[in-house]
Amino acid sequence: MKTYYDLIDQTFEFPTREFNVENNELMFNNVPLMDIVKQYGTPLKLTYLPKITEHIEHAKLLFRNAMKRYNYKGSYTYCYCTKSSHFRFVLEEALKNNIHLETSSAYDIPILRELYKLGKISKSTYIICNGYKRPLYTQYISELINEGFSNCIPVLDNLKEIEAYENSITADSVNFGIRIATDEEPNFAFYTSRLGIRYSDINELYRTKIQPNEKFKLKMLHFFINTGIKDSAYYWSELSRFMYKYCELRKICPDLDSIDIGGGMPIQTSFQFTYDYQAMIDQIVESIQWICNKNNVPVPHIFTEFGSYTVGESGAVIYKVIDQKLQNDKELWYMIDGSFITQLPDSWGLGQKYIMLSVNNWDNPYQKVNLGGLTCDSHDFYNTEPHSADLYLPIFDQDAEDQYVGLFHTGAYQESLGGYGGIQHCLVPAPQHVIVDKDEHGNLRTRLFAPEQNSEVMLKILGYGDAEPGMTELEATEAAEEREEEAELAKE
């Protein structure tokens, strides 16, 4: 019977630059996953930090090549979309690469202040403030600008937002952006995005609210497509419409010199993924330049906000198969020691598929399986691949060997969507999180960022227990252990 390795090798072009097998065990970016499993156990989330830098450098190279090819006179600025992952280790790794930031919430701003204190950003760092803004958010933005963060750009999302800055900003000037409400794809349940300002209102907003105020300048137009940057008639139509509006506005607004074409560059979620990144960026740059030349306006500086693209492929989740259950004549379930609903919520809420591979036992024969999570919810399962309606994993003897499975490129959004460190379905704990990096000599090193969530923390959130406010999981565990020791001593 053919082995699991034979199945993968015959189905895909394998091994790849990112995945290979040594001694029947999977390597992820040359990281020996079974070594990490043996050291830390499962379930665990893993972040491979060098992948973040690799993607940032790649995107910068794409735009550099395109701008050189077309002799494009504007500049390119890479911003990281913080909502993809707010973790300090992610932001610090990204900021090593001379990038800038995009925010979407008032609570991003205290994070930026911490990064400033640490010397990771400066007052000249571009901070693109997106999202629908409640009073606390506009207050924090105003405070940044008043304190000299000269490249903090509030992107206006509705017609009234600018009123919040009229009295609160005391700086000599402030640069604004305007987010344009784009039309959605025909298969959406609505026609136009709820975010941004409609095309017909933009010129009037500029003439009545920005142009008359000597402190206000319109610096940027913002463009974002929910379905991302992809080679479709819909994308090119919306980008062209946006650029014609830019050219129209540029003729009456000399301060306008930048566009933000949002995020949405895709990541690999299947071995059959095909996307010509360079050709796509070439066409974007060429289209922008062609429309500007046709309208006799200077080409704009280009900003992007890559979130999933920055951090997505750095992430992985590893589970142990803790049971095999044959529920009828043909449906075999491999039960894992975690939950898809709580730990990979996109797989449940959006039907998102990831690269799924066995971590060990690659020389074993394989069989069709369903993966089942720990919660009591009937939707806590994973049983198809992006390329197939079936899922295959090695056959193994549960009494004689262990079986581990990994889902890869899970680094964006999953922790925040799953309520990291909070209360999750069926009180399934947040798994431990391991960081993989390289030292100055290029040697791999690992560290435990956070242990598995414990009952002390959960009890406190729910109003039980004695854990003190602000206590970390480790501190709560230590406090619980101390109380147990004290109780034992009291018994003696």
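This is a predicted model: local features need pLDDT of at least 70, side-chain atom pairs count only at pLDDT 80 or more; totals for chains, interfaces and linings use all residues.
Rolling a probe the size of a water molecule over the atoms shows where empty space is left. The largest pocket here has a volume of about 1,400 Å³. Its lining is made of 48 residues, and the closest to the centre are Phe224, Asn226, Gly264, Ser308 and Tyr413. By class, that lining divides into 19 nonpolar, 20 polar and 9 charged residues. Two helices, H11 (308-311) and H14 (414-417), each supply at least two residues of the lining, and H14 gives the most, with 3 residues.

Now for the second largest pocket, which holds about 350 Å³ of space. Here 17 residues form the lining, and Arg17, Glu18, Gln268, Phe273 and Glu313 lie nearest the centre. Helix H3, residues 50-69, gives the most to this lining, with 4 residues. The classes come out as 6 nonpolar, 5 polar and 6 charged.

Last, helix H6, residues 135-146. Which residues of H6 are buried? They are Tyr137, Thr138, Ile141, Ser142, Leu144 and Ile145. These cover an arc of only 160° around the axis, which means they sit on the same side of H6. An α-helix has 3.6 residues a turn, so residues three or four places apart point the same way. Among the elements covering the buried residues of H6 are strand S6 (100-103), helix H5 (108-117) and strand S8 (152-156). After H6 comes glycine 148, with a positive phi near 100°.

Key. Residues are numbered from 1 along each chain as its sequence is written. Side-chain values use heavy atoms; hydrogens and water are left out. On a 1 Å grid over the protein atoms alone, a cavity is a set of points where a 1.4 Å probe fits but cannot get out, and a pocket is an open set with protein on both sides within 12 Å along at least five of seven lines; lining residues have an atom within 4 Å of a point. Grid points are joined across faces, edges and corners, and a volume is the space filled by probe spheres set on the points. Ala, Val, Leu, Ile, Met, Phe, Trp, Tyr, Cys and Pro count as nonpolar, Asp, Glu, Lys and Arg as charged, and the others, Gly among them, as polar. Buried means under 20% relative accessible area, exposed over 50%, partly exposed in between (1.4 Å probe, protein chains only). The arc is that of the directions from the helix axis to the C-beta atoms. Contact means heavy atoms within 4.5 Å.
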